[in-house]
Amino acid sequence: MHSASQLREWNPQQFFRHLSEPLFSRFCLSRQLWIGVDGPGPRDAQVWRAWKALAPELRLALERELLPINDLCSPHARPYLEDLARCVWLDGAPERAAILHTSTPDLAMMLHLAAPQALQSAHRRYAVDMLEHCKEYVGRAPLEITCLEESKSRMKTAMSEHFAKTLGSDRCHVEDYEDGEKLALFIYHEGALEPDDRFDSDGVLLPVWTRPVVRVAAVFFRTSNTLLVKTPRASERELLRDLFARSYVGRDDYFVDPGKRPRFSFAPLRRPAFDFAVAPDCDIDAVFVTSITLRGGPAKIRRIQLYFARDATLDQVHNAVYDLHQEIDPEFVEAVRLRFVFRSGSGRARERTVTIANPNTTNLRDTPRDRVIRNYLALWGFDVRNNHDAVGLSAA
């Protein structure tokens, strides 16, 4: 089972293998399930056989319940789980004392069993923060926008009518999420008919035509007055933008597209004295250039992409580019990838690789670390459009 609305691929065999036996037993007991693990083979194989033997309707209902927990098993979701755990369990509680020694899948399941509604809220917040590769639009003037049921209802009606005309199905569901920084709108709808091969009772492979559930999203950030729109089809970006503006602001043309004007400047890389200076109390430990994409080059070559060693210094980057007879001219740089290494965390959780490309493409999300990165990109002179948004930071 998989749809575009998930954040993480659903692999039930892997999910149950990573869940400890006590937590798995607690979940089964809470749902009055009996899944035998007393047959031949390793435990995860036994669980998988028993899971497949459940009635299809029951298994589908359980998978829907487990999908948010599966999404939160990512290393990136660990801080969200730990923050929630500190709210659910007070100081002195054995569960709170065990947080640091509990695996991420076990912690997600513990919170689901202890506070399911709170975990759903954490999952929504995580889903908003993990949005990436969105189209960004800017409001014409500062404006306060809040969740309103009538606005959400207007969005649902308009999107249902659009999908009925373009995809042949008006089935649509709208969810919203709001906190002090943003207002997010998630719209789930049925996509185009697609064949999905299935075996019948006689073992014959037959096509089953289904409509996968697709999620589109619009997220309005209050501090920067920007709207991020994520849709799988480019033709719907401006539609969702204008419908959001009409429903929540009252005018279709409130948001404008800044993409025609390059957002990023790569001039800092050309300066020999430039370095990635950060404040002493910043969690960033080091920054490395991992690749540079240059426009032009020898005849019939449209672009050149250079990849550098993980620990290459800026001097080594300059020398490598010079050796290839390619000057780092910001006019010819199309994109740069930067690897940020943080002091806190361990393993992969310490690193974040960010891509910035003109005119306005980035994989930055809205996590706490990415907000720090956004501010430093402006402070260093890379993000020239949002330079006025860099606050509270000073270079060392």
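**The sheet and its surroundings**

A: Tyr177 has Ala184, a residue of β3, as its bridge partner. The model is a predicted one. The two strands concerned, β2 and β3 (residues 182-190), pair in the antiparallel sense, and seven bridges join them. As background, strands in a sheet are held to each other by backbone hydrogen bonds, in either a parallel or an antiparallel arrangement.

This pair is part of an open sheet with six strands. Their order across the sheet is β2-β3-β6-β7-β1-β8, and the pairing is antiparallel. The edges are formed by β2 and β8 (255-256), each of which pairs on one side only.

Glu178 forms it with Arg222, and the closest N and O atoms are 2.5 Å apart. Glu178 belongs to β2 (residues 172-178), while Arg222 sits in the loop between β6 (213-221) and β7 (226-230); this pair links parts of the chain that are 44 residues apart. The partners have different labels for accessibility. Glu178 counts as partly exposed because its relative accessible area is 34%, which falls between the limits of 20% and 50%. Arg222 counts as buried because its value is 15%, under the limit of 20%. In general, side chains with opposite charges can pair once their charged atoms come close.

Helix α8 (residues 116-129) lies across β2, β3 and β6, and runs at about 95 degrees to β2. Helix α8 has a helix partner too: the axes of α4 and α8 come within 10 Å and cross at roughly 55 degrees. The crossing of α4 and α8 is left-handed. On the α4 side the contact is made by Pro68, Ile69 and Asp71, and on the α8 side by Leu119, Gln120, His123 and Tyr126.

The side chains of Arg31 and Glu65 meet with an N to O distance of 2.5 Å. Arg31 is partly exposed because its relative accessibility is 31%. The loop between α2 and α3 also holds Gln32. The phi angle of Gln32 is near 55 degrees, a positive value in a residue that is not glycine. For comparison, most residues other than glycine have a negative phi. Gln32 counts as exposed because its relative accessibility is 76%, over the limit of 50%.

Helix α8 is also among the elements that cover the buried residues of α5, together with α7 and α12. Those buried residues are Arg78, Tyr80, Leu81, Glu82, Leu84 and Ala85. For α5 (residues 78-88) and α7 (residues 104-114) the angle is about 40 degrees, with the axes 10 Å apart. These two helices are therefore oblique to each other. The crossing of α5 past α7 is left-handed. From α5, Arg78, Leu81, Glu82, Leu84, Ala85 and Val88 take part, and they meet Thr104, Leu107, Ala108, Leu111 and Ala114 of α7. Arg78 and Glu82 also belong to a network of salt bridges that includes Asp83 and Arg86.

Asp370 pairs with Arg352, with 2.9 Å between the closest N and O atoms. Asp370 is in α12 (residues 368-380) and Arg352 is in strand β12 (residues 351-357), 18 residues apart. Both Asp370 and Arg352 are buried. In total, the model has 23 salt bridges.

One more strand residue is worth a look. Glu194 is in strand β4 (residues 194-199). The C-alpha atoms of Glu194 and Arg211 are 6.2 Å apart, although 17 residues separate the two along the chain. Beyond its neighbours within four places in sequence, Glu194 is in contact with Val208, Trp209, Thr210 and Pro212. Glu194 counts as partly exposed because its relative accessibility is 42%.

Terms used:
Residues numbered from 1 in each chain as written. Predicted model: local features only at pLDDT ≥ 70, side-chain atom pairs only at ≥ 80, totals over all residues. Heavy atoms only, no water. Helix = DSSP H or I, 4+ residues; strand = E, 2+ residues; numbered from the N terminus. Buried < 20%, exposed > 50% of the residue type's maximum accessible area, 1.4 Å probe, protein only. Contact = heavy atoms within 4.5 Å. Salt bridge = Lys/Arg side-chain N within 4 Å of Asp/Glu carboxyl O. Pairing = 2+ DSSP bridges. Axes fitted to C-alpha atoms, helices over the stretch in contact; angles between N-to-C directions. Parallel < 35°, antiparallel > 145°, perpendicular 65-115°, else oblique. Left-handed = near helix turned anticlockwise from the far one by under 90°.
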